[in-house]
Amino acid sequence: MSNQLKDQKSPYLLQHAGHPVNWYPWCSRAFETARQEDRPVFLSIGYSTCHWCHVMAHESFEDEEIARILNRSFLCVKVDREERPDIDAVYMSVCQAMNGSGGWPLTILMTPDQKPFYAGTYLPKHSRYGCTGLSELLLQVETLWRTAREKLLRTGDEVTAWLQAQASASPSEPSLELIRRGARELRERFDPKRGGFGPAPRFPMPHNLLFLMRHAAREKDDRFLQMAVKTVTGMAEGGIYDHIGGGFSRYSTDDQWLIPHFEKMLYDNALLIYAYTEAYLVTKEPLFCSVVRETVRYVLRELTDEAGGFYCGQDADSDGVEGKYYALTPAEILRVLGEEDGAYFCRFYGITKEGNFEGKSIPHLSAGHPWKNAKAEKLCEKLYHYRRIRTALHTDDKILTGWNSLMIAALAKASLVFDEPSWLAAAQNAQQFLETRMKHTGGRLYIRYRDGEAAGTGNLEDYAYYAWALLELYAAAWKAEDLEKAAEAAGQMLRFFSDGTKGGFYLYAGDAEQLICRPKESLDGALPSGNSVAALVFSLLWELTGEECWRLEQERLLRYLAGEASSWPSGHCFALTAMGRVFDPSAQLVCASSGSDGDTPPAELKEALRTGYRPGLTVLLLTPDNRDRLARLAPFTARYPLPDQGAVYYLCRGGACSAPTADLQALLD
């Protein structure tokens, strides 16, 4: 049996291609069919590594009884939220408005003209414990569509009108007080015992941790740094971190970072590599270095395509059981490692007969327990290979422009700090993958690539994250081409996404498919908002190039974000990070080098950046090979002479420039 999904590329859609439900992908033909057949639309949105998406699929969408109701009275549409984040964002806002919360699977009932009149998340097949069952809901709507359709249509009109009426807050001036309010809000929710913020479930939210570290440096207040350090330490010790194979799960179901929601996502691991790298720069704590190295190793060996791109993530379930891949018993460990080594491993990682997850154990460290030693590391590697053959994890092998860009940014930063050229090479290979396979006419970006096909019109996050990735590549390798491409991506954002009247950037492009509303997102979720990252991009471009156009765009966007963040600053931490650059003691360093190796920087420059935490510093490298290109990108560099040999450094702080010198360390100190 197959339905309308059988020719799709999305792993999530293909998981449903054999269902008895006659699913359509999101397309004009689906809605035209709904109009012609006079049916309401049943929209289901999820992603391939989502545990509760699997549960609902097995309970309901594989069920003949539910399929008969759906096929008889509804036009059914499946959407992969990772391929169509625009559709997901619009209808998730409906769910949150109607219910006060959201999540996946997202369940929407709507008219053939896409106006929603019901929104929910996971629904069991039949009603239980006060939770509406899918069967009962469908039968009720089936009846209402015949007998009281006006009520459903009126609800759809009202919800759509509400969506379209949502207005941006009035622009406001960025201020230190707004930034400080955000930090205070985080401090009020901080858990001093294990780190993290608020009640369970606990999400890593690495962009909040980056904000705290930079805020601590600006304010010279270690209380905020210790909040970030306590959190990254707690996560590294807990079960949310995979002590055997490296990498982080999506979130912790408790407030101790112990029991994870087991799916691993590329974007979480990218942002956490970035945050742990920054934490190491600030503290020089070896634990943070180890976490970065193991997480990068996980990404490179399990989430990397042979052509260089990075896959989306891995499933929470194995053989239909949540966490089966990760949970272990003492008997199993002793069988694999032997009595002596197995007992040692169980003591080291808290593996007990009672277990901590459904009779089994998630490896973890008790608070303050030493990090793995050489023996524990060797045993972890043995168990890693055992785990790989014991049961399989589904890997969603889509390659997404936005998420790949986050990993490129993280690997570029980590490669510089930890002096790992192979990580930089992996970042550059992924960037080349995006350039050669994820771009089309006029340099426009696609959203996803899979099985030889790129598809989807790039959204704001794709351009903002890609521009940030290119700037991080430039900061790690100083290739002027990366700076040039970052400026091009920023220009595309301005052309296709900008709200020229009220400020800010829309989620999807003006020439893309137009949905029932065109949102602008400023609030950070698991990912920083595209508007916030765009603000950082404009700030960096202004500091690197000195071009007034980027300063004006930075100011305009920061005023929009300040207005949006005014009611809940800590929900906009990445925007506050970008905003903080306005108030940071900024510094621009130009290294004029006589080197004949193109963009290769002097060794002392790389060493200085590896060993010091200087979040307000930007660096330009001027060489004989790149000076013409840099003169176009950053015209002020044309005035800098190149030395006959060696390197000369020019540093400007707060609008005042120091005398040129060959002594970099004295200049930075």
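Which two strands form a hairpin with two residues between them? E14 and E15 do, and Asp 451 in the turn has a positive phi of about 55°.

## Basis

This is a predicted model, in which local features need pLDDT of at least 70 and side-chain atom pairs count only at pLDDT 80 or more, while totals for chains, interfaces and linings use all residues. Residues are numbered from 1 along each chain as its sequence is written, and side-chain values use heavy atoms, with hydrogens and water left out.

## Overall fold

The chain has 25 helices and 19 strands (DSSP runs numbered from the N terminus: H or I of at least four residues for helices, E of at least two for strands). Its radius of gyration is 26 Å, close to the 26 Å from the globule rule for 669 residues, so the chain is as compact as a globular protein of that length. The radius is taken over C-alpha atoms, and the rule is 2.2 Å times the number of residues to the power 0.38. The C-alpha trace spans about 85 × 70 × 50 Å along its principal axes.

## Burial and contacts

Of the 669 residues, 60% count as buried (under 20% relative accessible area, 1.4 Å probe, protein chains only). Among contacts (heavy atoms within 4.5 Å) with a separation of 6 or more, 70% come from residues 24 or more positions apart.

## The E14–E15 pair

Strands E14 (residues 446–450) and E15 (residues 453–457) run antiparallel and are joined by four bridges; pairing requires at least two DSSP bridges. Opposite Ala 455 in E15 stands Arg 448.

How values were computed
Buried means under 20% relative accessible area, exposed over 50%, partly exposed in between (1.4 Å probe, protein chains only).
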